[in-house]
Amino acid sequence: MIDQDTPVIPPELIKTLRAAHSVVVLTGAGVSAESGIPTFRQAQTGLWQKYRPEDLASPEAFRRNPGLVWDWYTWRRGLVSSAQPNAGHYALVAMEHQVSDFTLITQNVDDLHRRAGSRAIIELHGNILRTRCSKEGILVSEWNEAAESPPHCQKCGGLLRPDVVWFGEALPTEALTQAMHAAQQCQVFLAVGTSGLVYPAANLPRIALQAQAVLVEINPQRTELSSVVTYPLAGLSGSILPELVTQTWPK
Ligand code: BJW
């Protein structure tokens, strides 16, 4: 049965996807919205309602008030840890099994793609479940949470921070290089649940389009990308992705 909120998927798209041997999917926060994780630009809840995420996810914010930033990430780590992958995450696992050259590029830091079972994942903006020393950059797995906020590195005394990419920081070079290469080479590129406002990730669909890929967008809202994509599919990724996979590769 087709969900009333799921748009009809054009038959030409199904045909193109079925024939494609190289597919790239770029995901954003919208993919995890149906797992109960607020998107980046959506109002935060509870104690964090009065803060804009854009004002907390930066080196300046961390320098100004490291305790506040650490506490926000501690709250978000809790949300992420208790969330479960949704039907959209699982559909991407199924897609990976069907396409010989499949690349999943995510801007999300929530680890839900990996927990769903996706394997070929490029994490552009890091992972909130990893912590590193802000002084030496090394990953740290143990600290005294009760002592201070943020805790200090037990080796060098530097402040600990989440291993994510804040505004003004460089993306991991290898991840970005691989993502750009995949976007240049693919036949079909799907942009799912992203506002397309944050660079350099926002360039990836445009790179794919310039390289003649078929561009698909899945998002309930229009974005800056909507007017240039080949197939804009307006709706929720948790409904559209499973439908797309089922119709493209029926059992
Ligand atoms: C659904 C749905 C459902 C809802 N189904 N959909 C070029 C031009 C202008 C500016 C720049 C530029 N190049 C660089 C910049 C500066 C800056 C930038 O892009 N600024 C813009 C805001 C203008 N970029 C950077 O600073 C980057 N660094 C950089 O460029 O460094 C250069 C450098 C080089 C060498 C040395 C030093 C520096 C870094 C960007 C890092 C972004 N980090 C964050 C935070 C990560 C950690 C954390 O989570 O706390 O990443 S910001 C935030 O935005 C997060 C996200 O990954 C990212 C993207 O957001 P996303 O995923 O698109 O989420 P939303 O909330 O915006 O949208 C959700 C969408 O889902 C919506 O459209 C909904 O409709 C939809 N949706 N429910 C499907 N069920």
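**Sheets and helices**

Mentor: Let's begin with strand β2 (residues 101-106), which runs parallel to β3 and is joined to it by three bridges. Keep in mind that this is a predicted model.

Trainee: Which residue in β3 is the bridge partner of Ile105?

Mentor: Ile105 has Ile122 of β3 as its bridge partner.

Trainee: And in what order do the six strands of that open sheet come?

Mentor: The order is β3-β2-β1-β7-β8-β9, and the pairing is parallel. The edges are taken by β3 (121-123) and β9 (231-233); each has a single partner strand, so one side of each is left without a neighbour in the sheet.

Trainee: By how much are neighbouring strands turned against each other?

Mentor: On average by 15°, with direction ignored.

Trainee: Nice. Which strands does α8 touch when it packs on the sheet?

Mentor: Helix α8 touches β1 (22-27), β2, β3 and β7 (188-192). The direction of α8 makes about 130° with that of β3.

Trainee: What about α9, which strands does it lie across?

Mentor: Helix α9 lies across β1, β2, β7 and β8 (214-218), and runs at about 160° to β7.

Trainee: How do the axes of α8 and α9 cross?

Mentor: First, the general idea: two packed helices are described by the angle between their axes and the distance between the axes. For helix α8 (residues 173-185) and helix α9 (residues 203-210), the axes cross at roughly 35° and come within 7 Å. The crossing of α8 past α9 is right-handed.

Trainee: Which residues make that contact?

Mentor: From α8 you have Ala179, Met180, Ala183 and Gln184, and from α9 there are Leu204, Ile207 and Ala208. By class, this α8 with α9 contact has six nonpolar residues, one polar and no charged.

Trainee: Switching to another pair, at what angle do α1 and α10 pack?

Mentor: Helix α1 (residues 11-19) and helix α10 (residues 237-248) pack at about 70°, with axes 9 Å apart. That angle is why α1 counts as roughly perpendicular to α10.

Trainee: Which residues are in contact there?

Mentor: On the α1 side, Leu13, Ile14, Leu17 and Arg18; on the α10 side, Leu244, Gln247 and Thr248. The contact of α1 with α10 divides into four nonpolar, two polar and one charged residues.

Trainee: There's a three-strand sheet too. What's its order?

Mentor: It is an open sheet ordered β5-β4-β6, with antiparallel pairing. Its edge strands, β5 (139-140) and β6 (160-164), each pair on one side only. Strand β4 (residues 126-133) pairs with β5 over two bridges, in the antiparallel sense.

Trainee: Which residue in β5 does Arg132 stand opposite?

Mentor: Arg132 stands opposite Leu139.

Trainee: Which strands does helix α5 lie across?

Mentor: Helix α5 (residues 66-82) lies across β4 and β6, and runs at about 140° to β4.

Trainee: One last stop: where is Gln44?

Mentor: Gln44 is in the loop between α2 (30-33) and α3 (53-56).

Trainee: Is Gln44 buried or exposed?

Mentor: Gln44 counts as buried, because its relative accessibility is 7%.

Trainee: What does Gln44 touch?

Mentor: Leaving out residues up to four places away in sequence, Gln44 touches Pro38, Thr39, Gln49, Tyr51, Pro53, Trp72 and Trp75.

Trainee: And how many Å apart are Gln44 and Leu190 in space?

Mentor: They are 27 Å apart, C-alpha to C-alpha, and 146 residues apart in sequence.

Key. Residues numbered from 1 in each chain as written. Predicted model: local features only at pLDDT ≥ 70, side-chain atom pairs only at ≥ 80, totals over all residues. Heavy atoms only, no water. Axes fitted to C-alpha atoms, helices over the stretch in contact; angles between N-to-C directions. Helix = DSSP H or I, 4+ residues; strand = E, 2+ residues; numbered from the N terminus. Parallel < 35°, antiparallel > 145°, perpendicular 65-115°, else oblique. Contact = heavy atoms within 4.5 Å. Nonpolar A, V, L, I, M, F, W, Y, C, P; charged D, E, K, R; others polar. Left-handed = near helix turned anticlockwise from the far one by under 90°. Buried < 20%, exposed > 50% of the residue type's maximum accessible area, 1.4 Å probe, protein only. Pairing = 2+ DSSP bridges.
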